[in-house]
Amino acid sequence: MRTTVGIIGAGPAGLLLGRLLQNAGIRSVVLESRDRPYVERRQRAGILEQGTADALRAAGVGARLDREGLEHTGIELRFDRRRHRVDLPALTGSRTVTVYAQTEVCKDLIAARLADGAPLLFEAQALAVEDAGTDRPRVRYRHRGREAVLDCDYVVGCDGFRGVSRAAIPAALTRTYERTYPYGSLGILADVAPSHDELVYARGDRGFALLSMRSPSVTRAYLQVPAGTEAGAWSHEEIWDELDRRLEVEDPAWRLARGPVTAASVTPMRSHVHEPMRHGRLFLAGDAAHIVPPTGAKGLNLAVGDVVTFARALTAHLDTGDPALLDAYSATCLRRVWQAERFSYAMTTLLHRAPGATGFDDRIQLAGLDRLTTSRAAETELAEAYTGFPF
Ligand code: RFL
Ligand code: PHB
């Protein structure tokens, strides 16, 4: 098989890239190792930055997002039994975020691609990217038990943190930067209306808790847990009890509503950046190139920024013959990536309690949070980063 752009992975990065290229009249083939139900059900991100929601609308896949997405104009910070609301549009000149699950973004993009009749192969596992440094890169893959080759003009590795594309960039040309955090994140979904109408980020003496949502009737919540914790190690009762403790405030009117937990999983927390994000005609996008801890809600949004940048650059190159934007792809993306890395790290270390944290560490965190409630400059920095850096 031959195509212009071979896309490895049908997560949000690969699927949106396929859509953007389709809109620009550029042929592509998407290879995805899993089956469609798996890709459509995998529970992950839930917060879309302003720029991400706008990019989905501009790509023509915003209709259900506009009907069902929940636009949020603030987040709440909790610490020391106090609560503080951060008013996002007041601090950023109108920017907001939208609660719309990654599962729904993927469903919308898959439906659009299939309706267009554009090639999307499920259960097609890329085995290797070959000849990335030449003008005829190829993807070797296995589909329905048979090995095949996809000949491409360009390959974009959107195959996530555990994909194969990164390995096609020679180690001698590569630098990776990594930090693993000494805790994990236990996430649950529960069939109960969210107890607050905006997201709540809480720093407790026993660790971090986050109250989020997927819809007006589904709560999503996270707890900091010791690294290596298994999801089954906590009973549902224990999870609610711990959320209750960490979200506690002076306000007697506050109550955490409990309901049946329908999913629970633990994610290790790490920061990781692979540089460069390009080698010859192979480009990396999304989690294939960088990972952030979930605290800043940046992973999905970074993936969208990368593929918007790539689609613009390739379109300009094919239209005008000028490769300048393609040549700048890695540097352009990495600037934004490092801002998101910095913000996710700052949010994580501000709100999580490390094992062995001292009284001094606690006081520094509380002073940081207190600063956010008393300085418009500090709060503006948070609001700008949370609603997203420009693409
Ligand atoms: P994905 O979504 O991992 O998709 C990669 C796809 O590639 C496929 N694949 C292959 N296909 C073919 N051949 C191979 N050899 C392949 N190897 C892998 C995989 O099956 C998969 O379908 O990467 P992508 O597209 O870069 O998207 C990144 C996002 O998924 C990720 O950054 C976010 O989910 C991170 N994240 C969050 N991001 C946010 O912006 N806001 C959030 O609120 C947020 N919350 C989260 C999160 C991630 C979480 N977990 C589980 C990691 C909450 C959690 C719990
Ligand atoms: C989520 O709803 O999954 C979510 C929200 C905010 C975050 C991380 C995850 O910071």
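**Ligand surroundings and helix packing in a predicted model**

A backbone N or O atom of Pro294 lies 3.1 Å from an oxygen atom of ligand 2, a polar contact in the sense of a pair of N or O atoms within 3.5 Å, where pairs within protein must also join an atom able to donate a hydrogen to one able to accept it, and residues adjacent in sequence count only if both atoms are side-chain atoms. This is a predicted model, in which local features need pLDDT of at least 70 and side-chain atom pairs count only at pLDDT 80 or more, while totals for chains, interfaces and linings use all residues. Residues are numbered from 1 along each chain as its sequence is written, chains are lettered from A and ligands numbered from 1 in the order in which they are written, and side-chain values use heavy atoms, with hydrogens and water left out.

**Ligand 2**

- There are 13 residues around ligand 2, of which Tyr201, Ser212, Arg214, Tyr222 and Thr295 come nearest; a residue counts as near if one of its heavy atoms lies within 4 Å.
- The side chain of Tyr201 places an N or O atom 2.8 Å from an oxygen atom of ligand 2, and a polar backbone atom of Ala297 is 3.5 Å from an oxygen atom of this ligand.

**Ligand 1**

- Ligand 1 has 35 residues around it, and Glu32, Arg42, Gln102, Asp287 and Leu300 come nearest.
- A nitrogen atom of ligand 1 lies 3.1 Å from a backbone N or O atom of Ser33.
- Oxygen atoms of ligand 1 are involved with Gly46, whose backbone N or O atom lies at 3.3 Å, and with Gly299, whose polar backbone atom is at 3.1 Å.

**Helix packing**

- Helix α8 (residues 299–320) packs against helix α10 (residues 329–351) at an angle of about 160°, with axes 10 Å apart; the two are therefore roughly antiparallel, a term for angles over 145 degrees.
- In the contact (heavy atoms within 4.5 Å), α8 contributes Asn301, Leu302, Gly305, Asp306, Thr309 and Phe310, which meet Tyr329, Thr332, Cys333, Arg336, Val337 and Ala340 of α10.
- By class, the contact of α8 with α10 comprises six nonpolar, four polar and two charged residues.
- The axes of α10 and helix α11 (residues 359–374) come within 8 Å and cross at roughly 115°, with Thr349, Leu350 and Leu351 of α10 in contact with Gln365, Gly368, Leu369 and Leu372 of α11.
- The contact of α10 with α11 has four nonpolar, three polar and no charged residues.

Conventions
Axes are lines fitted to C-alpha atoms, for helices over the stretch in contact, and angles run from 0 to 180 degrees between N-to-C directions. Helices (H or I, at least four residues) and strands (E, at least two) are DSSP runs, numbered from the N terminus. Angles under 35 degrees count as roughly parallel, over 145 as roughly antiparallel, 65 to 115 as roughly perpendicular and the rest as oblique. Ala, Val, Leu, Ile, Met, Phe, Trp, Tyr, Cys and Pro count as nonpolar, Asp, Glu, Lys and Arg as charged, and the others, Gly among them, as polar.
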